[in-house]
Every structure is written in structure tokens, then in C-alpha cells.
Amino acid sequence: MSQPTQVDPRGLRVVAGLTAVVLALALVTPQPVRLALLTIQVAVFAIAAFAGLRRSPYAVVFATFIRPRIGPPAEVEDSRPPRFAQVVGLVFTATALVGFLAGASTVGYLAIVLALAAALLNASVGLCLGCELYLTFRRLTPATA
Amino acid sequence: MSEIVALLAAVVLTVLVAGALKFKNGRFSTRSPAEGAEVLTATDIGIELGERATLVQFSSAFCAPCRATRTLLTDVVATIDGVVTVDIDAEANLEMVRRFDIMRTPTVLVLDGSGAVSTRASGLPRREQVLAALGQAVGDPR
């Protein structure tokens with residue numbers, strides 16, 4: 001079995017922080033700016049989720065401007081839970097975008113608030129969404145005979 | 001105006017969840033034992049029970065806090081006689097996950113010398129929390 005990709009946890013925190021900034025701005029800006037920001041964030045989530053975390057524009061920002069200044073990480077993390085988190089972020093942000101486009105702004109606001117809270121939790125305390133949700137999901141599978 | 005409220009709601013939600021997790025992580029407590037469920041054997045965990053206590057950790061395959069917990073527990077038992085630790089893959093042992101109501105990983109069950117569950121905690125614990133829980137398990141008169 002090949003070794004799963006490992007990533008710098010500090011990069012994950014920075015990416016989550018950038019995500020939180022974009023989502024917060026999406027909340028408080030006028031509708032045209034909001035839609036543009038949401039579209040950008042949906043695209044960023046999609047790239048990170050499907051092309052890999054390192055291809056995310058936010059990750060590129062970290063790798064180019066921040067990592068050279070702070071040196072190698074003390075430890076690394078498996079990339080799969082953060083990738084799962086990108087998919088969750090994609091779903092919420094896409095829902096918000098569709099909600100605002102369809103005129104259902106309550107749905108839009110709610111979706112952004114949840115995505116923003118998740119990004120803030122990840123950026124501040126490094127919350128492992130995968131650890132919290134994955135086992136709950138697996139327990140739902142029927143018990144084997 | 002409602003946008004500012006939404007922003008504040010997100011921040012409040014974040015603070016509440018972060019606070020709740022900080023409170024819960026590593027907090028060892030006792031649960032009232034369901035019948036037949038709360039004693040583990042060497043067969044259950046795959047190694048011999050520790051003479052004085054055993055730390056049973058449930059982990060998911062990829063879970064950074066699980067890795068940190070495993071490192072901590074391994075380090076702690078290396079300094080104490082009669083205490084062992086084992087890491088159990090939750091996904092490969094779903095019947096035990098259900099039996100012990102494991103809701104998140106990492107979850108650590110502290111067993112006394114006879115394999116009975118003394119206390120349990122979820123999330124990454126601090127060293128002093130583990131030591132206190134061990135003290136309770138070893139000192140518990142049964």
C-alpha cells in the first residue's frame with residue numbers, strides 16, 4: 001500500500017484562514033461581489049478536493065510566500081481528512097451560491113455561516129472534521145451477521 | 001444589517017464549538033456500565049491486560065489527534081510498571097465500537113487490572129489527564 005500524501009499542518013491552518021476571510025467578505029459585501037467571491041471559493045474548494053491540496057491557490061500562496069520564511073514543519077499530517085473537509089466546504093459554498101442565485105437568501109446565508117464556522121474552527125484549533133464525522137457515518141452501516 | 005448578524009453568528013458558533021471541544025477533549029469520566037459490556041479481555045484487545053491498568057485507544061485510519069494520542073500513551077506507559085497500551089482500528093472493529101458506544105476518535109478506555117472499564121475520554125488528552133485517570137484506575141477498590 002503506498003504511503004498517503006502528507007501535508008504541512010501549518011499550511012492547512014493558513015488555507016483555512018484564507019477561506020474564512022473570503023467567506024466572511026462574501027457575507028458582508030454587496031450581492032455582485034458576494035456572488036463573485038462565492039464562485040471563486042467554490043472553484044478553490046473544487047481544485048483542492050479533486051486535483052489535490054497542493055494545487056489549491058491558497059496552498060500555493062502558503063508555499064510561495066510563507067513556508068520559505070518559517071522552515072520545515074515539526075510534523076506532518078495525512079492529507080485525506082483535509083481533502084474530505086474541502087469536499088464538505090464545496091458542498092456548503094455551492095449551496096450558498098445556488099441559494100443566492102435562486103433568490104433563496106436565507107439558505108445562502110445559513111450555508112455561508114456554517115462553512116465560515118468550519119473554516120474558523122479549522123484555522124484556530126485545527127478541528128479534524130473527518131475524525132468527528134467519519135466514525136458516526138461508519139457506525140450507520142448495518143452490523144454484520 | 002442581517003449580514004453583520006450572520007457574521008457574528010458564525011463567530012459565536014465557532015467560539016461555542018471550540019469551547020465545547022476544549023472542555024470535552026481528554027476529560028476522563030465514568031459511564032454507568034451497561035450489562036456485560038464494560039469488561040475487556042486479552043482476546044478483545046489482542047494483547048495481555050496490564051497488571052495494574054490498560055489504556056485502550058480507538059483510532060481511525062487517518063486522524064492526526066489519534067496519532068498524537070498514541071504517541072502520548074506509549075510515552076506514558078513506558079515510564080510506569082504494570083501498565084500497557086493498545087491502539088485499536090475503529091473501522092476494523094465496528095462491533096466493539098458499537099459495544100462501547102464509541103462516537104469519535106480518538107477515544108481512550110482506561111481499564112483496571114481485571115479489564116473492567118474505569119474511565120474513558122475522547123479527543124487528545126493532556127499528559128496530566130492520563131496520569132490522573134491511571135491513578136484512579138489503579139487505586140479503585142474492586
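Guide: Accessibility terms first: buried means under 20% relative accessible area, exposed means over 50%, and partly exposed is in between, using a 1.4 Å probe and protein chains only. The model is predicted, so local features need pLDDT of at least 70 and side-chain atom pairs count only at pLDDT 80 or more, while totals for chains, interfaces and linings use all residues. Residues are numbered from 1 along each chain as its sequence is written, chains are lettered from A and ligands numbered from 1 in the order in which they are written, and side-chain values use heavy atoms, with hydrogens and water left out.

Helices here are DSSP runs of H or I with at least four residues, strands are runs of E with at least two, and both are numbered from the N terminus. In chain B, α4 covers 94-99 and β3 covers 107-112, with B:P106 in the loop between them.

Most residues other than glycine have a negative phi, and most peptide bonds are trans. B:D101 is not a glycine, yet its phi is positive, at about 55 degrees. With a relative accessible area of 33%, B:D101 is partly exposed. Further along, the peptide bond from B:T105 to B:P106 is cis, omega being near 0 degrees.

Now step back to helix α4 itself. B:R99 there pairs with B:D44 in a salt bridge, with the closest N and O atoms 3.5 Å apart. B:D44 sits in helix α2 (residues 42-45) of chain B and B:R99 in α4, so the pair ties together parts that are 55 residues apart in sequence. The term salt bridge here means a side-chain nitrogen of Lys or Arg within 4 Å of a carboxyl oxygen of Asp or Glu. Both partners count as partly exposed, B:D44 because its relative accessibility is 26% and B:R99 because its own is 31%.

For context, searching the whole structure turns up eight salt bridges over all chains. Among them, B:E128 pairs with B:R126, the closest N and O atoms being 2.9 Å apart. B:E128 is partly exposed at a relative accessible area of 46%, and B:R126 is partly exposed too, at 48%. Over in chain A, salt bridges that share partners join A:D8, A:R10 and A:R67 into one network.
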